[in-house]
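Trainee: I have a model open and would like to learn how to read it. Can we go feature by feature?

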Amino acid sequence: MDVFPAFYPLAGRRVGLAGEGEGLEARRRLLGGSPAELVILDADAAVLPEAWAGMALGFIAHPDEAFSIQAADAARRAGAPVNVMDRPALCDFTVPALIDRGALVAAFGTGGASPLIAARLRAEMESRVPEGLGRLARFLEDNKAVLRRRYPDPGERRVFLSGLLEGSVAAAVLEGRSEADLQALLAEALSGAAQPRGRLFTTPGDTPPDLLSLRALRILSATDVLVIHPGEAEDLAVMARREARRLSPEAAGPGEVAALLAEGRTVVLLTDPAPWRDAGLEPEDLPVAPGSPKVSD
């Protein structure tokens, strides 16, 4: 990882912008829907550190390199991390290609190496991220305290949320149902509804990652336990949750896996599933992308 991606909260913050022309307007459009207070600095003020005092972030977009250097230095001396459009050498951070769904933001970046690649990835993925997902993220944030009281254990809470995202509550949010309907559905789910059913999946450890479908990637991102031989199938394992437990096949025999499924956990076998099938467990194959050859071909 050449650069570290981070999401910076903007509510209650001041953000400084300096420059001129279409570049400055592009930055204003980028930040226009945020809760930050945008402060536009004229050319004289932008080269003074005191003008940037209290700014959480600084954006500079100007065709003149000498001005950009002066303004970036002034912002940095005031303690404001700065981005200078089209001049990565002057940047403390770069601006990724964004999919903005309000509370849900997806970002694609190359650290300034190739913005075109990041923009192309965003264009390919944007249609796969429904507008309603931002509302769903906000709904879960608004009800975080309720969820934590009901499930104080993080592992149990994550299992509940995994089931919630597959069920009627998430569907109702995406459909745009009323807040009263959503709260009623959430209360029903929290009232002691049945434990979410565990899920068991499998794929050979040498499956090429680019053959996996979007659904398979979602499954991996929600996985609780990977059953994997140490040092093998790393190309697939890195696509799973970083927090997912890794168990060797010897440590995750059929009995152990059955117990995990009874707890509502999602388990993925990145190894030969025969021992588990022989014991009566029936893992589903991770789906491949439409038009891809089956991994067993």
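Predicted model: local features only at pLDDT ≥ 70, side-chain atom pairs only at ≥ 80, totals over all residues.

Trainee: Is H62 buried or exposed?

Mentor: Buried counts as under 20% relative accessible area. H62 has 16%, so it is buried.

Trainee: What does H62 touch, leaving out residues up to four places away in sequence?

Mentor: G19, E20, F67, S68 and R87. The side chain of H62 reaches the backbone nitrogen of D64 at 3.0 Å.

Trainee: Which backbone nitrogen does the side chain of D64 reach at the start of α3?

Mentor: That of A66. A side-chain oxygen of D64 comes to within 3.4 Å of that nitrogen.

Trainee: Now the helix itself. How should I think about its faces?

Mentor: An α-helix has 3.6 residues a turn, so residues three or four places apart point the same way. Now take α3, residues 65-77. Its 13 residues reach 18 Å from the first C-alpha to the last. That is close to the 18 Å expected at 1.5 Å a residue.

Trainee: Which residues of α3 are buried?

Mentor: F67, S68, A71, A72, A74 and A75. Look down the axis of α3: these buried residues fall within an arc of 160 degrees, so they line one face of the helix.

Trainee: What covers the buried residues of α3?

Mentor: The cover includes α2 (43-46), β3 (57-61) and β4 (82-84). Check what follows the helix as well. G79 comes after α3, and its phi is positive, near 90 degrees.

Trainee: On to aromatic rings. How do I describe a pair?

Mentor: A pair of aromatic rings is described by the distance of the centres and the angle of the planes. The structure holds two aromatic pairs. One of them is F59 with F93, at 5.5 Å centre to centre and 85 degrees between the planes. Planes over 60 degrees apart count as edge-to-face, and this pair is edge-to-face.

Trainee: Where in the chain do F59 and F93 sit?

Mentor: F59 is in strand β3, and F93 is in the loop between β4 and β5. They are 34 residues apart, so the pair links distant parts of the chain. F59 is buried, with a relative accessible area of 5%.

Trainee: Next, strands. What is the general rule for side chains?

Mentor: In a regular strand the side chains alternate between the two faces of the sheet. β5 shows a covered face with A97, I99 and R101. Its uncovered face has L98 and D100.

Trainee: In what sense do β5 and β6 pair?

Mentor: Antiparallel, over five bridges. β5 spans residues 97-101 and β6 spans residues 104-108. A97 has F108 as its bridge partner, and I99 stands opposite A106.

Trainee: How many residues lie between β5 and β6 in the hairpin?

Mentor: Two. G102 in the turn has a positive phi of about 75 degrees.

Trainee: In what order do the strands of the five-stranded open sheet run?

Mentor: β9-β8-β10-β7-β11, with parallel pairing. β9 (245-247) and β11 (284-285) stand at the edges, each with a single partner strand, so one side of each has no neighbour in the sheet.

Trainee: How many bridges join β8 to β10?

Mentor: Three, and the two strands run parallel. V225 pairs with V267 in β10.

Trainee: Where is T223?

Mentor: In the loop between α10 (214-221) and β8 (225-227). T223 is buried, at 0% relative accessibility. Its side chain reaches the backbone oxygen of I219 at 2.9 Å. Beyond four places in sequence, T223 touches R158, R241, A244, T266 and V268.

Trainee: One last residue. Which strand holds L41?

Mentor: Strand β2, residues 37-41. L41 is buried, with a relative accessible area of 10%. Leaving aside neighbours within four places in sequence, L41 is in contact with L17, A18, G19, A46, A51 and W52.

Definitions and conventions
Residues numbered from 1 in each chain as written. Heavy atoms only, no water. Helix = DSSP H or I, 4+ residues; strand = E, 2+ residues; numbered from the N terminus. Expected span 1.5 Å × (residues − 1). Buried < 20%, exposed > 50% of the residue type's maximum accessible area, 1.4 Å probe, protein only. Arc of directions from axis to C-beta. Contact = heavy atoms within 4.5 Å. Polar contact = N/O pair within 3.5 Å; in protein donor to acceptor, adjacent residues only side chain to side chain. Pairing = 2+ DSSP bridges. Phe/Tyr/Trp six-rings, centres within 6.5 Å; stacked < 30°, edge-to-face > 60°.
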